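Good morning, colleagues. Please take a moment to look at the structure on the screen before I go through it.

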Amino acid sequence: MSPPVGLAAFLVVVIATAVVGFYGLRISRTTGDFYVASRTVPPWWNASAIGGEYLSAASFLGVAGLILLSGTDALWFPVGYTAGYLMLLLFVAAPLRRSGAYTIPDFTEARLESKAVRRVTSLVVVAVGWLYIVPQLHGAGLTIRISTGLPSWVGALAVVVVVYLTVAAGGMRSITFVQAFQYWLKLTALAVPVVFLLLHQSGGTAIPVPEAVNPTGLPAAGGYQTVSLLVALLFGTLGLPHVLVRFYTNPDGRSARRTTLIVLGLLSVFYLFPTAAGLLGRMYAPELARGGRSDALVLLLPGELVGGTVGELLSALVVAGAFAAFLSTTSGLMVSLAGVISQDLLGGNVRGFRIAALLAAVVPLVFALVTDSLGLAGSVGLVFAFTASTICPVLLLGIWWRGLSDAGAIAGMLTGAVLCGGAMVAATLLGSGTAPAWLAQPAAWTVPAAFAVMVLVSLATRQRIPGTVTRVMTRLHVPERPLADGR
Amino acid sequence: MTRVRVTAPQSAGRRPGGYLSGRDGFAGGRDAAVDSEVGRLYVRSLIRSQLRLAIVVAAGFLLVLAACGLMVALVPDLARLRLLGIPVNWLILGAGLYPVIGLAAWLYNRSAARNEARYRELVDER
């Protein structure tokens with residue numbers, strides 16, 4: 001791919017994001033503006049916005065890359081990323097909207113009447129956010145290197161600077177519109193090249209069997225790994241901090257459910273394209289799996305298979321979509337993180353928010369610069385394992401079980417964080433080739449452990465169950481009275 | 001007009017009692033439910049039926065998921081079978097599961113809304 005084309009695609013997305021961000025600043029001035037506007041946002045816009053924020057580097061680049069590497073085993077990733085929203089719909093969406101809480105720490109504090117629970121939840125949320133931003137920056141580094149030939153750090157730094165400026169200015173959060181637009185941009189940027197390549201290739205030679213082409217010779221994943229991965233993805237989604245905050249823009253619990261249904265449709269459509277790209281890569285460009293370039297598959301595929309001006313244009317479109325993915329997910333995470341850091345550590349004024357946003361940005365940037373990407377889909381999968389072991393139990397038990405106590409919540413979250421975090425560190429130290437499966441993919445045992453500790457400690461500390469529990473459970477589950485109902 | 005940071009609109013989290021105590025008028029109608037023994041009973045049964053529904057749908061979906069996984073793992077011939085030139089195991093995992101997810105979500109939404117409507121009727125009859 002020629003550097004000017006890649007650079008142009010990158011700059012167009014950056015400038016467009018900045019312009020829309022600052023335009024949003026002018027039209028949305030106060031909390032009230034945001035709130036009023038948010039109640040008139042139709043479910044379709046809201047769902048597109050959730051999709052836009054959710055589809056990250058892992059979805060846009062990582063899924064196709066992993067399919068290229070490991071074939072059908074990798075198909076569980078997009079299925080899990082989507083089915084995670086089904087679990088969110090079943091167990092969390094409507095009650096969480098009805099709680100009125102804006103962030104996960106808000107929810108746990110109010111549910112358990114405990115500042116200590118709030119602080120532990122905040123720490124976990126900050127850890128999740130940092131862990132999740134790192135792969136986005138790795139993806140940005142990879143994309144800038146492949147598309148322009150510039151060193152990786154330029155891409156990571158560019159994303160952090162652009163996102164920090166828009167977040168600190170206050171532009172990004174207030175506009176559902178931007179995130180909604182990002183979904184459709186990402187879908188187009190992947191769908192157009194993939195459909196073009198499918199048509200282009202199907203006219204040609206006989207199709208080789210994808211299974212027969214195993215470009216890496218990686219052994220197939222065992223049953224344990226697949227199950228553990230699915231546990232992480234299914235139960236990790238409902239604890240992602242930037243996902244939760246979007247549900248607040250639904251007017252009531254019922255529309256939260258309707259929005260989630262649409263999100264499921266949007267994600268299902270989107271994931272067909274990285275899957276098809278992975279299949280195409282496995283059939284026609286298996287050599288891309290070597291040399292650590294697999295995550296760049298969707299960027300390189302148009303050039304490999306078509307070439308010429310058309311290939312360049314298609315590549316430019318993919319680069320634009322990729323940067324849209326890094327920018328939207330990173331900004332969503334950074335806003336959630338900065339909100340938590342500023343409220344709980346810095347006193348919650350606007351200046352504190354800007355310092356907090358800087359903290360939210362710089363830590364993962366440093367981390368991304370000193371580490372190497374080990375596969376985007378895999379590292380994001382680990383973040384899901386961490387949220388599934390920490391935030392998921394406290395949300396599920398908090399919403400559905402009266403017996404949860406503050407001591408139980410804290411003990412469970414800490415258990416999950418220590419076990420899952422410890423497994424992640426141990427697996428990294430051992431190296432990706434040598435770590436045993438139970439360390440490399442820990443969710444299957446860390447999630448039940450966190451649940452068990454949370455339940456047992458709560459049972460042992462029954463006297464600490466807050467007196468407000470009946471009122472709170474009512475608020476969570478009883479449907480809002482429709483406005484037309486005149487009572 | 002000056003700009004302020006967007007936060008939770010009621011900013012009730014700072015008040016004693018927090019968001020969930022629902023004394024902000026927004027939940028006024030819903031609070032009435034806990035003022036009597038019968039009301040509390042209705043709420044408990046609503047929560048239980050919603051939880052049962054969620055677990056049934058989740059279990060059904062997980063069964064389908066497990067069945068597909070086992071089928072692909074245990075029947076290697078699926079990789080040789082083609083539909084429109086694509087191996088069937090790829091079709092099942094790469095495209096076939098999404099409609100199942102959508103269907104499960106749609107069924108859940110319908111039944112959850114029905115549970116809530118039934119609760120409303122009970123409370124209003126009282």
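I begin with chain B, which contains 3 helices and 2 strands. Please keep in mind throughout that this is a predicted model. In sequence order, the elements of chain B run α-α-β-β-α. The chain has 126 residues, and 29% of them count as buried. Among its contacts with a separation of 6 or more, 49% join residues 24 or more positions apart.

Let me turn to helix α3 of chain B, residues 88–125. How far apart are its end C-alpha atoms? The distance is 54 Å, which agrees with the 56 Å that the 38 residues should span at 1.5 Å a residue.

Next, the largest nonpolar core, which comprises 191 residues. Which of them touch the most other members? They are A:L86, A:V159, A:M334 and A:A338. The element giving the most to this core is helix α15 of chain A, residues 308–345, with 19 residues. Leaving aside residues up to four places away in sequence, A:M334 touches A:V163, A:V167, A:A357, A:A360 and A:A361.

Finally, I would draw your attention to A:P448, located in helix α20 of chain A, residues 443–460. This proline counts as partly exposed because it has 14 C-beta neighbours inside 10 Å, whereas a buried residue would need 20 or more. A:G431 lies 17 residues away from A:P448 along the chain, and their C-alpha atoms are separated by 26 Å.

Thank you for your attention.

Note on methods: Residues numbered from 1 in each chain as written. Chains lettered and ligands numbered in written order. Predicted model: local features only at pLDDT ≥ 70, side-chain atom pairs only at ≥ 80, totals over all residues. Helix = DSSP H or I, 4+ residues; strand = E, 2+ residues; numbered from the N terminus. Buried ≥ 20, exposed ≤ 12 C-beta atoms within 10 Å, placed from the backbone. Contact = placed C-beta atoms within 7 Å. Expected span 1.5 Å × (residues − 1). Core = buried A, V, L, I, M, F, W, Y, C linked by C-beta atoms within 7 Å.
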